[in-house]
Amino acid sequence: NLPDFRSSERTFQLLTQVAGRAGRAEKEGHVIIQSYNPKHYAITFAKNQDYEGFYEEEILYRQLLSYPPVSHILAVQVTSLTEKGGEELAGILKALAEKTEEGREEHTILIGPAPAFIGRINDIFRYVLYIKNPDYDILIRLKNRMERFLKELERKDENVQFDFDPMSSF
């Protein structure tokens, strides 16, 4: 239930690893899985040690939602001393990603901007924008355009970080 597209994969990995360690040597082992959602495909495939079944189910979700390895993600995190400033800059970066000289990049999906999973740390406001595209080079061009724009903008109260195919949510 974490807001991360890899959470099902991690659940499957952990459960199959634990189950694989049960019953080694002469003693028979048993695995008991306690869950609020025991019918979730990650749990049922892990219970049956069905790696191929899990992959087939998971790759369908990844294709449907354009997540890696089917597509690439550029995560753009804006941090700001003020809530308004962070929200405004994140919106400007989204507008910049939406419009290019040629129009919107083909197959580009924008999610956000929205407050980050943890929206405020030590009085620093955090916003995140996700940009998905199967072509990694397009994401690099978008990042480079944003960096050029930010250099000209010279905002002192905001900071921007870029992460390609992030391993966790911001």
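## A nonpolar patch

V18, V31 and I33 make a nonpolar surface patch of about 230 Å². Patches here join nonpolar side chains (Val, Leu, Ile, Met, Phe, Trp, Tyr) within 5 Å, from residues with over 30% relative accessible area and no salt bridge, a salt bridge being a side-chain nitrogen of Lys or Arg within 4 Å of a carboxyl oxygen of Asp or Glu. Areas come from the Shrake-Rupley method with a 1.4 Å probe.

This is a predicted model, with local features needing pLDDT of at least 70 and side-chain atom pairs pLDDT 80 or more, while totals for chains, interfaces and linings use all residues. Residues are numbered from 1 along each chain, and side-chain values use heavy atoms, without hydrogens or water.

I33 lies in the loop between α1 and α2 and is partly exposed, at 34% relative accessible area (buried is under 20%, exposed over 50%, partly exposed in between).

## Helix α1

Helices are DSSP runs of H or I, at least four residues, and strands are runs of E, at least two. The buried residues of α1 are S7, S8, F12 and T16. Seen down the axis of α1, they fall within an arc of 160 degrees (taken from the directions from the axis to the C-beta atoms), so they line one face.

They pack against α2 (41-47) and α3 (51-65), with contact meaning heavy atoms within 4.5 Å. The face turned away from the buried side carries exposed L14, V18 and R21.

## Helix α5

In α5, the buried residues are I138, L139, L142, K143, R145 and M146. Their arc is only 160 degrees, which puts them on the same side of α5. They pack against β1 (72-80), α4 (83-98), β3 (124-133) and β4 (158-164), while R148, K151 and E152 are exposed on the other side.

Technical notes:
Buried < 20%, exposed > 50% of the residue type's maximum accessible area, 1.4 Å probe, protein only. Patch = residues over 30% accessible without salt bridge, like charges linked within 9 Å, V, L, I, M, F, W, Y side chains within 5 Å.
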